[in-house]
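Subject: Structure handover

Hello,

Here is the structure I said I would pass on. My notes on it follow below.

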Amino acid sequence: PEDYEDLPIETWMTVYNEERSLLLGYFKSEELLGLVGASMSDADHYTKEALRTHVSHGETICINSLCVDQNVQRQGIATRLLHKFVLNVKGSFPKAKRICLI
């Protein structure tokens, strides 16, 4: 979406520095082939602001990036990434009430 293209690098750096468990990569032989990334929000549903900001005390985990290298798509990598990500964040963020895929 248009809004995603404007996502400030500062937002991603804040998420990475504060909450590293909100980013998960899929690697093969040290090559990054897939990535899922999220931020936290205090909204209980999708908003444009939720896409552009990170609220560390938020109760909603907003998955706003799911990418797989086009050369390895349709091999279940995105599904495995999402499954592993959900398991990880459930343990890391027990106060989160929901996970939204934006």
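**What was found**

Phenylalanine 93 touches Glu19, Ser21, Leu22, Met40 and Ile61, with residues up to four places away in sequence not counted; contact here means heavy atoms within 4.5 Å. This is a predicted model, in which local features need pLDDT of at least 70 and side-chain atom pairs count only at pLDDT 80 or more, while totals for chains, interfaces and linings use all residues. Residues are numbered from 1 along each chain as its sequence is written, and side-chain values use heavy atoms, with hydrogens and water left out.

**The core**

Phe93 is also among the residues that touch the most other members of the largest nonpolar core, together with Leu22, Val36, Ala38, Ile61, Phe85 and Val89. That core has 15 residues. A nonpolar core is a set of buried Ala, Val, Leu, Ile, Met, Phe, Trp, Tyr and Cys residues joined through side-chain atoms within 4.5 Å. Buried means under 20% relative accessible area, exposed means over 50%, and partly exposed is in between (1.4 Å probe, protein chains only). The elements that give two or more residues to the core are β2, β3 and α4. Helices (H or I, at least four residues) and strands (E, at least two) are DSSP runs, numbered from the N terminus. In soluble globular proteins, nonpolar side chains tend to be buried together.

**The sheet**

Four strands form an open sheet in the order β1-β2-β3-β4, with mixed pairing. The edge strands, each pairing on one side only, are β1 (23–28) and β4. On average, neighbouring strands of this sheet are turned by 20° against each other, direction ignored. Two strands count as paired if DSSP finds at least two bridges between them. Axes are lines fitted to C-alpha atoms, for helices over the stretch in contact, and angles run from 0 to 180 degrees between N-to-C directions.

Taking the pairs in order:

- β1 and β2 run antiparallel and are joined by six bridges. Glycine 25 stands opposite leucine 35 in β2. The hairpin of these two strands has two residues between them, and serine 29 there takes a positive phi near 50°.
- β2 (residues 31–41) pairs with β3 in the antiparallel sense over eight bridges. Alanine 38 has isoleucine 63 in β3 as its bridge partner, and serine 39 stands opposite cysteine 62 in β3.
- β3 and β4 run parallel and are joined by four bridges. Threonine 60 has arginine 98 in β4 as its bridge partner.

Helix α4 lies across β1, β2, β3 and β4, and runs at about 155° to β3. Eight of the 11 residues of β2 are buried, which leaves that strand mostly covered. Seven of the nine residues of β3 are buried, so β3 is largely enclosed by the rest of the structure.

**Two residues of β3**

Threonine 60 lies in strand β3 and counts as buried, at 1% relative accessibility. A polar atom of the threonine 60 side chain lies 2.6 Å from the backbone oxygen of alanine 43. This is a polar contact, that is, a pair of N or O atoms within 3.5 Å; within protein, one must be able to donate a hydrogen and the other to accept it, and residues adjacent in sequence count only if both atoms are side-chain atoms. Leaving aside neighbours within four places in sequence, the contacts of threonine 60 include Ser39, Met40, Asp44 and Cys100.

Leucine 66, also in strand β3, counts as partly exposed at 34% relative accessibility. Beyond four places in sequence, leucine 66 is in contact with Leu35, Val36, Ala78, Leu81 and Leu82.

**The salt bridge**

The structure holds one salt bridge, meaning a side-chain nitrogen of Lys or Arg within 4 Å of a carboxyl oxygen of Asp or Glu. Lysine 97 forms it with glutamate 59, and the closest N and O atoms are 3.3 Å apart. The two residues are 38 residues apart and link distant parts of the chain: lysine 97 is in the loop between α4 (77–92) and β4 (98–101), and glutamate 59 is in the loop between α3 (48–52) and β3 (60–68). Lysine 97 is exposed, with a relative accessible area of 59%, whereas glutamate 59 is partly exposed at 35%.

Regards
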